[in-house]
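Here's a quick briefing to read alongside the coordinates. Have the viewer open and jump to residues as they come up.

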Amino acid sequence: MMRRLARPTDDKGNAMVLVLASVMLITLLMGVMLSSLMFTIGQTTATRAHSQAQAAAEGGAQQVGRALLTRSEAESTACTGVTGLDPHGWTDYTVDNVRYQAVKNGPWVECLSGGKIPKLAEAVQVQTTGFAKSIGQNGNTRGNKATVEVTFTRPKSMGLDQAVFGDLDVLSNTNFNLYPDPAHPSRPHTDKSPDIVTNKKWTCPASGTLSGSVYALGGATVSNNCVIEGDFYVSGSLHIGFKLEVHGNLYLDGKLSGSQTVVRGDTLVNGNVELSSEGHSFWGDVRAYGKFTSSNKLPAGFVGGTFYTTGAADTGWNSKQTTMALGSRFVPNYVVPAGDKTWLLPSILDNPMNPQTAEDKKTMSFPMLKDDQEPWDTFTEADWSTLTAGSLEGSRCNAYNYSKPLVIETPTKVDLTDCATWTVGHINIVLNADLVIFTKNAVKNGSWTVRTGNGPGDEKRHTLYIVALPDAGQTACAGNKGKNITWSTNGWSQLDTDGKLRSKVVLYSSGKTTLSSKPSGTFNGQLYGCEVSAQSGIDMIFAQGGEDYTNTLWDLRVGAMRDITVR
């Protein structure tokens with residue numbers, strides 16, 4: 001019997017096929033992995049290169065900005081000589097373009113080729129391209145350079161630009177003296193002039209020296225010996241009980257009456273001029289849309305220039321004797337030539353001679369502040385009880401003493417509006433940063449020291465804001481609305497330990513701000529309120545809250561930065 005042979009199997013062949021398939025799969029996977037790795041390396045190096053290039057461009061733009069904005073030219077800054085290396089030394093950059101805006105929302109003016117940036121330019125824009133040292137690999141070159149555009153703009157104003165602003169009323173009582181900031185020793189007609197502004201009435205009952213200008217856009221009354229070293233703007237009647245001395249010009253949209261008016265500049269009156277008693281002295285020209293009356297004979301020298309009136313002079317004996325003494329320097333029935341700008345009152349006075357513009361109205365609008373506006377929106381919120389823990393004696397809303405100094409290290413805001421009235425006694429505040437306290441009503445009761453924490457050579461000047469916020473829905477000043485601040489300079493000091501005056505205090509209320517005095521220290525800051533009453537015997541220095549601005553290119557800060565690289 002024959003044995004049947006077994007059929008050979010395909011196991012060995014199948015194994016070979018499996019091995020070959022595995023090798024092919026592994027090779028394919030390795031290729032994919034290698035390709036992915038190479039791609040990742042390329043992407044990573046491209047990203048690194050772009051980061052380097054962008055950092056170079058940004059650093060370069062800021063370095064160019066610093067070079068442009070800190071030069072010492074008095075009136076303008078040349079745009080040349082601003083190329084260089086990234087300040088960190090990582091990479092190089094080129095300056096592609098420099099341009100500026102001379103005025104807000106104005107056209108951009110190219111400046112790189114020999115141009116100059118005016119010192120009061122509203123914005124400066126620098127475009128730079130940065131180059132990476134560690135370039136992208138495997139053909140990924142798109143990140144090797146980056147172009148950025150950096151715009152330097154002026155910081156936004158809070159609208160607190162005046163020394164004293166009382167929307168409905170300003171009373172500057174006996175011996176209230178207002179001076180310029182020694183750190184910015186400006187005089188009237190300059191950017192830092194210590195001015196008083198009210199949209200209604202200003203009253204000066206007795207002696208006081210005001211180093212800036214006064215804007216009384218609803219009339220004014222001067223009782224006794226007030227000195228204004230700047231200009232005096234009055235919309236409405238001006239009555240002088242005894243003596244007013246204006247070192248600048250007098251602009252009056254209404255009737256001028258009273259005794260002993262001294263104006264060292266020119267006088268422009270949209271109304272009658274009715275002078276009583278002697279002692280008047282107008283050093284420049286007097287122009288009046290109206291007639292002239294005098295109840296006393298005045299000497300020829302009471303007008304240094306020419307006295308023009310569009311009306312006739314009064315025929316009374318005293319008026320006639322006065323005009324005769326002036327001779328040809330008195331010109332009645334004067335016809336104002338068309339286009340003669342010397343007869344135009346400043347537009348801020350809002351009169352038919354020169355209608356007020358929208359910008360003027362905005363300038364003199366009383367600001368209604370909010371707790372979330374710049375720069376306070378970036379301040380760190382803090383609880384008053386936490387800040388004063390272990391120091392407060394009394395209650396949170398009514399403390400008579402704080403046993404330890406309150407040191408502010410970072411810009412801080414405190415909400416005390418849950419207190420019907422925040423009454424605070426003896427306290428020592430050390431400002432290493434700005435502090436804003438929001439209240440309803442606030443009353444100072446006790447001695448205060450507000451100083452900076454500066455060491456030798458450190459001239460930083462920080463601000464304490466005390467803000468009585470507007471009532472809910474309050475959009476403007478009105479009678480019996482808003483919250484009040486009652487303050488005094490009794491037991492008050494803002495002197496630093498080296499005897500210098502650096503700290504600034506801004507009192508703002510949506511109702512009435514009262515600053516009273518007993519013999520004590522100088523108030524260094526600003527007063528704002530729907531009504532402001534500056535009581536007797538106060539020396540006040542105008543120090544604008546927030547950062548110190550020089551009104552030059554030095555004030556510009558980085559406002560925007562964007563990557564404009566073309567891929």
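Predicted model: local features only at pLDDT ≥ 70, side-chain atom pairs only at ≥ 80, totals over all residues.

Residues are numbered from 1 along each chain as its sequence is written, and side-chain values use heavy atoms, with hydrogens and water left out.

**Overall make-up**

- The protein has four helices and 44 strands; these are DSSP runs numbered from the N terminus, with helices being H or I of at least four residues and strands E of at least two.
- Of the 567 residues, 47% are buried, where buried means under 20% relative accessible area, exposed over 50%, and partly exposed in between (1.4 Å probe, protein chains only).
- Take the contacts (heavy atoms within 4.5 Å) with a separation of 6 or more: 52% of them involve residues 24 or more positions apart.

- The Glu374 to Pro375 peptide bond is cis, with omega near -5°, and Pro375 lies in the loop between α3 (358–363) and β28 (380–382).
- Asn225 isn't a glycine, yet has a positive phi of about 60°; look for Asn225 in the loop between β13 (220–222) and β14 (226–228).
- Asn333 also has a positive phi, near 55°, and belongs to the loop between β27 (330–331) and α3.
- Asn225 is partly exposed at 29% relative accessibility, and Asn333 is partly exposed at 49%.

**Surface patches and a buried serine**

- Patches use residues with over 30% relative accessible area and no salt bridge; like charges are joined within 9 Å, and nonpolar side chains (Val, Leu, Ile, Met, Phe, Trp, Tyr) within 5 Å.
- Asp371, Asp372, Glu374, Asp377, Glu381 and Asp415 make up a negative patch. Asp and Glu count as negative and Lys and Arg as positive, while His and the chain ends are not counted; each charge is placed at NZ of Lys, CZ of Arg, CG of Asp or CD of Glu.
- Leu25, Leu28 and Leu29 form a nonpolar patch with about 300 Å² of accessible area together. Leu28 sits in helix α1 (residues 11–69) and is exposed at 54%.
- Ser533, in strand β42 (residues 523–534), is buried at 3%. Leaving out residues up to four places away in sequence, Ser533 touches Leu171, Lys512, Thr513, Thr514 and Leu515.

**Salt bridges**

- There are seven salt bridges, each a side-chain nitrogen of Lys or Arg within 4 Å of a carboxyl oxygen of Asp or Glu.
- Arg562 pairs with Glu149, with the closest N and O atoms 2.8 Å apart. Arg562 is in strand β44 (residues 557–563) and Glu149 in strand β6 (residues 145–153), so the pair ties together parts 413 residues apart in sequence.
- Arg562 is partly exposed at 49%, whereas Glu149 is buried at 10%.
- Arg264 and Glu245 meet at 2.9 Å, N to O. Arg264 is in the loop between β20 (261–263) and β21 (267–269), and Glu245 in strand β17 (residues 244–246), 19 residues apart.

Notes. Areas by Shrake-Rupley, 256 points an atom, 1.4 Å probe, with all protein chains shown as cover.
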